[in-house]
Amino acid sequence: MLLADFGTSYCKFRELGGPAGAGQPYLLATKDLPKNLRVDLATGHNGKRFSDRYVNELTALARGGEDLIAAPDYVLLDCGSRDIKYVSYCHGKLADMGWNSECGASMGFTIELLEKYYNLDYGKLAVPERTFSITCGVLGMSHIFDAVTSGISEAEAVARFVKGIALNAYRFSGSPETLYLSGGLCDNPLFVGSFPCNIIPLGRFVLIKGLEKTAREHLSIAL
Amino acid sequence: MKQENPFAQLRPDSRVGIVGIPPLAVIGRLNSLGAQIYDLDEPQINTDMELTAPFLPRVYCAILRTALLNALHLELDMIVIDVGPGKCDCALHVSTVLQDMLRIPVIRTRNEDDVPFGHPLCETKMSLLEKLKRITAGVQSAAPHQPEKFPPCRPTAGFWGVPPRDFSLLTLFPDTTHIYGWTRCMENKTPADGELEEMFNAEVPTIFFAQSFCAKTALAKFLAAKHPHGLYLDVDVTCSSSTQAKIQAFLELSGVGHAAR
């Protein structure tokens with residue numbers, strides 16, 4: 001059984017229940033997806049095109065969190081290329097959720113784009129003291145251009161931008177003391193270090209974990 | 001009302017637009033005159049909302065922008081707009097804009113009706129979309145309800161709020177959704193009944209909905225926080241895919257099956 005999370009920039013897959021048991025999850029760039037690909041269970045904004053069985057992203061995120069997080073009270077934030085979304089649990093039950101696809105637009109995508117454009121390495125950039133006020137990746141770029149023309153280095157300007165995005169995501173998810181983080185940005189030390197709270201990164205495959213739980217518990221598929 | 005008898009000029013086929021819920025006496029009068037009533041709060045024509053931009057800010061209640069858009073395109077003989085405690089200050093200001101913009105009487109009312117008609121549709125088993133359609137259509141009639149036709153069902157979910165500008169979001173709820181908030185006040189024909197509006201059922205997962213930029217967003221957010229299993233939601237003109245997903249996920253994760261789309 002092939003599970004897939006079809007993201008804007010990257011798609012995440014995991015094969016389950018094959019002769020060799022569960023395979024390791026893996027990534028494919030969305031632009032490299034085979035056109036005739038079909039999967040057994042999908043999530044992600046692009047997922048309905050590739051499967052007859054679809055789980056919406058918030059549900060997949062929440063179920064992934066239920067599987068991965070032992071604490072009864074928590075906030076889980078997923079930062080994707082195109083949007084940000086969160087679920088919060090209280091006493092083991094869903095308490096709140098949010099999905100920002102407009103004002104959170106293209107934050108992750110813009111972070112990756114800037115690293116390539118300015119030839120930076122986020123692993124080597126320090127978290128800056130100052131930040132930009134940013135609610136949207138695209139609009140936020142004008143802050144970078146303004147800062148660079150005022151004499152601030154490109155690296156410092158981009159770092160402030162990344163910190164601004166992290167702060168926006170933190171506030172969007174309700175400013176918790178501890179935040180469980182999902183998505184590719186878990187691998188970005190500058191982004192993770194820019195949050196003013198304790199961050200527990202869960203990686204890119206939280207929604208895949210949610211699909212596993214859906215298949216197991218809600219579709220009665222033996223895995 | 002400013003005029004002595006503003007309805008004297010109406011003919012049996014006169015076209016009257018209503019905004020909000022005018023008092024029952026006014027609706028009864030329009031019914032007895034045989035006037036054709038158009039609910040301007042609902043989309044009546046399929047055209048671009050942007051056409052309202054010269055008259056109203058883009059960041060404004062989508063229901064009232066819709067009312068103004070309808071008024072621009074329907075050839076009406078009169079508009080009756082409620083500006084009392086059962087509606088809002090935004091409607092009061094829109095009435096000023098409408099009066100300046102149109103060459104027809106714009107009659108302001110203050111609906112403080114307090115005779116409860118009951119709210120059987122709010123608690124019966126029926127698609128939420130159909131329930132809302134019937135409740136909003138009921139505004140045009142002064143006839144009593146027929147509760148025997150709509151027996152109550154056991155609720156599995158709650159919808160609190162006003163009828164949304166985009167009814168498509170209602171299709172996501174199960175048929176056993178009970179309706180609360182101002183929509184319940186609508187069916188009860190007591191739109192200014194704040195106590196009834198604030199009621200909710202703490203036993204069922206409930207979505208607290210308000211139109212973006214509406215004053216009721218504050219009440220919706222407040223009550224959602226009070227409810228042990230509530231979700232606040234505001235939507236502007238149309239319901240985005242992420243908003244639909246929020247509703248679906250909330251119902252699904254609350255153990256309530258959402259309606260298949």
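**Helix packing and chain contact in a predicted model**

Modeller: In this predicted model, H1(A) and H6(A) are roughly perpendicular to each other, given that they pack at an angle of about 85° and that angles of 65 to 115 degrees count as roughly perpendicular.

Biologist: How far apart are their axes, and which residues meet?

Modeller: The axes of helix H1 (residues 57-68) of chain A and helix H6 (residues 206-218) of chain A lie 7 Å apart. On the H1(A) side the residues in contact include A:Ala60, A:Leu61 and A:Gly64, while A:Val206, A:Leu207 and A:Gly210 are among those that H6(A) contributes.

Biologist: And by class, what residues does that contact have?

Modeller: The contact of H1(A) with H6(A) has seven nonpolar, six charged and four polar residues.

Biologist: Stepping back, how many helices and strands are there in chain A?

Modeller: Chain A has six helices and nine strands, and 44% of its 223 residues count as buried.

Biologist: What radius of gyration does chain A have, and what would a compact globule have?

Modeller: Chain A has 18 Å, which agrees with the value near 17 Å that a compact globule of 223 residues would have; along its principal axes, the C-alpha trace spans about 60 × 45 × 30 Å.

Biologist: Changing topic, how many residues does each chain bring to the contact between A and B?

Modeller: Chain A gives 11 residues and chain B gives 11 residues. On the side of chain B that touches chain A, the largest share, eight residues, comes from helix H8 (residues 241-253) of chain B, and that side divides into five nonpolar, four polar and two charged residues.

Note on methods: Residues numbered from 1 in each chain as written. Chains lettered and ligands numbered in written order. Predicted model: local features only at pLDDT ≥ 70, side-chain atom pairs only at ≥ 80, totals over all residues. Contact = placed C-beta atoms within 7 Å. Helix = DSSP H or I, 4+ residues; strand = E, 2+ residues; numbered from the N terminus. Nonpolar A, V, L, I, M, F, W, Y, C, P; charged D, E, K, R; others polar. Rg over C-alpha atoms; globule rule 2.2 N^0.38 Å. Buried ≥ 20, exposed ≤ 12 C-beta atoms within 10 Å, placed from the backbone. Axes fitted to C-alpha atoms, helices over the stretch in contact; angles between N-to-C directions. Parallel < 35°, antiparallel > 145°, perpendicular 65-115°, else oblique.
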